[in-house]
Each structure stands twice: as structure tokens, then as C-alpha cells.
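Please review the local side-chain contacts in the model shown below.

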Amino acid sequence: MKALLIKTDDTFEALDDTSLQALQEAVGGYIEMVYLHGTNLYAYVNEEGKIHNMAPNLFGTCIAASLGALKPGDFIRGNFVLITDLEIEVNDDDDQYEGID
């Protein structure tokens, strides 16, 4: 498993593809990375989840809040993808994000 998709309906799904396109499809739009302090995990969410009034993500909010990634009272809307930094590859030549195959 390369990543874990935590959906707003409280279901989970393993993601094998962690490319930019796959992450955007998983969250339903442009991605925003959320650093989870003190871990080698990152979360990806829809950067406009609140603007589009997406459904709240209780599990995603609990994970992000417990690891200091959210301000008090803040919450996650939309799907939430967890991925380890060991699965991320950045091509410095053109700053293009690529998932490791």
C-alpha cells in the first residue's frame, strides 16, 4: 500500500498510484498538502474543500488535529489521503511531482 484514502463516508481505500493526477482524483480537485508534525506522514486534501462545502471528514480531522496540523476548531472537508514521505519523489529539474512506481 502506498497511500490510504480516508473518505467522508467513513470508508477506507488503499491507493497504489500516488501521482499528482491520482491524488487530485482521490480528493476531487486541486490538492493541498498537510504536514503531520512529528511523523513521516503527509495528508493531501482538496484545497477548496470548504469553499465547495464538501462533507466533513471526521477521521481526517481527528488525525490532523491530534498531530498538530489544525488550529483549534478547524476541520477537514472532503476526502483525506495519507502518504509517507518515503513514497514521494520530487524531480528538482522541473519541480514536477511524481509518485514512485
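## Basis

The structure is a predicted model.

## Asp17 and its loop

Asp17 sits in the loop that runs between strand E2 (12-15) and helix H1 (20-27).

A polar atom of the Asp17 side chain is 2.9 Å from the backbone nitrogen of Ser19. Asp17 and Ala3 are 14 residues apart along the chain, and their C-alpha atoms are separated by 8.0 Å.

## Aromatic pairs

The model holds two aromatic pairs. In one, the ring centres of Phe12 and Phe59 are 5.4 Å apart and the planes meet at 50°, so the pair is tilted. This pair links distant parts of the chain, with Phe12 in strand E2 and Phe59 in helix H2 (residues 58-66), 47 residues apart. Phe12 is partly exposed at 45% relative accessibility, and Phe59 is partly exposed at 35%.

Tyr35 and Tyr42 also form a tilted aromatic pair, with 5.4 Å from centre to centre and 50° between the planes. Tyr35 has a relative accessible area of 36% and is partly exposed, whereas Tyr42, at 17%, counts as buried. The cut-off behind the Tyr42 assignment is that buried means under 20% relative accessible area.

## Charge over a ring

Lys50 is placed over the face of Phe75, 4.9 Å from the ring centre.

Conventions
Residues numbered from 1 in each chain as written. Predicted model: local features only at pLDDT ≥ 70, side-chain atom pairs only at ≥ 80, totals over all residues. Heavy atoms only, no water. Helix = DSSP H or I, 4+ residues; strand = E, 2+ residues; numbered from the N terminus. Polar contact = N/O pair within 3.5 Å; in protein donor to acceptor, adjacent residues only side chain to side chain. Phe/Tyr/Trp six-rings, centres within 6.5 Å; stacked < 30°, edge-to-face > 60°. Buried < 20%, exposed > 50% of the residue type's maximum accessible area, 1.4 Å probe, protein only. Lys NZ or Arg CZ within 6 Å of the ring centre and 35° of its normal.
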